Amino acid sequence: MATKRKLEPDDEDQQQQSDGTMSDKKVKQNSANHDTSLDEHKVNETNGSHTDDAVKRESPGSIFQSRSIQLRNSEPDSEDQQQQSDGSTSNANRISDNNEADVLFTRESDGEQKLSGSTQLRNSDQDNEEDQQQQSDGSTINANNISDSNSDDVLYRRKAAVETTQSGTIQVGINETSSYKYIDTKGKFSSAINDLNNKIKDGKTIALDCEGVDLSRFGCVTMVNVGTKDMVYLIDVLKIGDSVFDDGLRSILENNTIEKLMFDCREDADALFHLHKVNLDGVLDVQLLELSNRIYRNGYTILGSLEKCLQNFLSDDTLLRLKKQGRETMLNTNNIWKDRPLSESMLKYAAVDVLALFKLYDKFKNRMTHNTWKAASNLYCNNKRSRARTYRDGDAHLPIRVRDIIL
């Protein structure tokens, strides 16, 4: 645009060319009539004056036509138009002080320039509208990108929440807490099994409990929960799969030298053996310790539940409250141990079933010799898995062979 304006003549140049043309014509006219008579000379001067008026009318018309073409081709911006318009108007006013034709030219010129200016303004408005549309489109694209990014960010946060180990603490006594970790991926399981093996090597006692639906050979095992007094690993077999047994869990569960506290191990042992080919061994069943006390006192052999034992023998009710909360949820929800994700209350319920065993063991460990307890637990563990069954039968009484060992 700048190059085109340099090549175009200014209004003052055009006016100078026009004035030069009129001067030449005046000289030629005066020379042609120089030898005539005085009267003829006056007539000719009068004619020359009219001729000048005609030239003036013709010359502005040519300038007007040239200017219109140049304005349409070059499309100067608003400031240049204003400068040209101001210059043309001032020059026209000087020329047309005593000339009516110049006044007409000025009005025509101003009208053409205003028209050209209006056209340029409309074009400029269209350009602005296109720019605004592009900006609007860009804003829309950016908004969509932001929306997609937010959606991606939401998806990433949900995925991260699933991948993050769910953990927590549980109060197990006065000024005493324990922790649990929910293990639902192979990576987490690998880390958990290494930690557990290190604790076993350090001589720490472990406790074990399984959760599932119709826990037995007729149902399924969805979780294997194992840990020490300080930490419980809630291993999600339903999500990770049977690989947990071959990747380290089987070697712990089947090892007779690794003693495991349990409470009524019969259905757990039946399910592990018939569903996962795991031969549970090394069990110390805390239920037998509690029952032995009642047998010696009054001869009763009716088995008691873990919840009942917590209620009767532990002074702190923290574990009991968590146990009851989970029990109420289980009663109101079918197949809850197959539901995912598991709620915090159910994770704590599963952890309590392990942590409570250490409390009861401390309470009853002197009720029976260790060898008698281990022998009775071995028979108890094998009671259901070793015989043919056609349904999940509930047995509320201590098996006779187990009782005979205890007595």
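User: In which loop is the place of N175?

Analyst: This is a predicted model, in which local features need pLDDT of at least 70, side-chain atom pairs count only at pLDDT 80 or more, and totals for chains, interfaces and linings use all residues. Residues are numbered from 1 along each chain as its sequence is written, and side-chain values use heavy atoms, with hydrogens and water left out. Helices (H or I, at least four residues) and strands (E, at least two) are DSSP runs numbered from the N terminus. On that numbering, N175 has its place in the loop between strand 1 (166-173) and strand 2 (176-183).

User: Is N175 buried or exposed?

Analyst: Buried means under 20% relative accessible area, exposed over 50%, and partly exposed in between, with a 1.4 Å probe and protein chains only. N175 has a positive phi of about 55° although it is not a glycine. Its relative accessibility is 80%, so N175 counts as exposed.

User: What is the phi of D214, which is not a glycine?

Analyst: D214 is found in the loop between strand 3 (206-213) and strand 4 (220-227). Its phi is positive, at about 50°.

User: Which residues does a cis peptide bond join?

Analyst: The bond has an omega of about 0°. P341, one of its two residues, is found in the loop between helix 12 and helix 13. The cis peptide bond joins R340 and P341.

User: How many aromatic pairs does a search of the whole structure find?

Analyst: Rings of Phe, Tyr and Trp (its six-membered ring) pair if their centres lie within 6.5 Å; planes under 30 degrees apart count as stacked, over 60 as edge-to-face and the rest as tilted. Searching the whole structure gives three aromatic pairs.

User: Why is the pair of W337 and Y349 called tilted?

Analyst: W337 lies in the loop between helix 12 (318-332) and helix 13 (344-364), and Y349 in helix 13, so the pair ties together parts that are 12 residues apart in sequence. W337 counts as buried at 3% relative accessibility, and Y349 counts as buried at 3%. The ring centres are 6.0 Å apart and the planes stand at 40°, so the pair is tilted.

User: What are the centre distance and plane angle for Y361 and W373?

Analyst: Y361 in helix 13 and W373 in helix 14 (residues 370-382) link distant parts of the chain, 12 residues apart. Y361 is partly exposed at 23% relative accessibility, whereas W373 is buried at 2%. The pair is stacked because the centres are 5.6 Å apart and the planes at 15°.

User: Within what arc do the buried residues of helix 8 fall?

Analyst: Helix 8 (residues 243-253) has V244, F245, G248, L249, I252 and L253 as its buried residues. The arc is that of the directions from the helix axis to the C-beta atoms. Seen down the axis, the buried residues line one face of helix 8, because they fall within 160°.

User: Which residues of helix 11 make the contact with helix 13?

Analyst: Helix 11 (residues 306-313) packs on helix 13 at an angle of about 50°, with the axes 11 Å apart. Contact means heavy atoms within 4.5 Å. Helix 13 contributes D353, A356, L357, L360, K363 and F364, and helix 11 contributes L306, C309, L310 and F313.

User: What percentage of the 407 residues in the protein is buried?

Analyst: The protein has 15 helices and seven strands. Of its 407 residues, the buried ones make up 41%.

Technical notes. Axes are lines fitted to C-alpha atoms, for helices over the stretch in contact, and angles run from 0 to 180 degrees between N-to-C directions.
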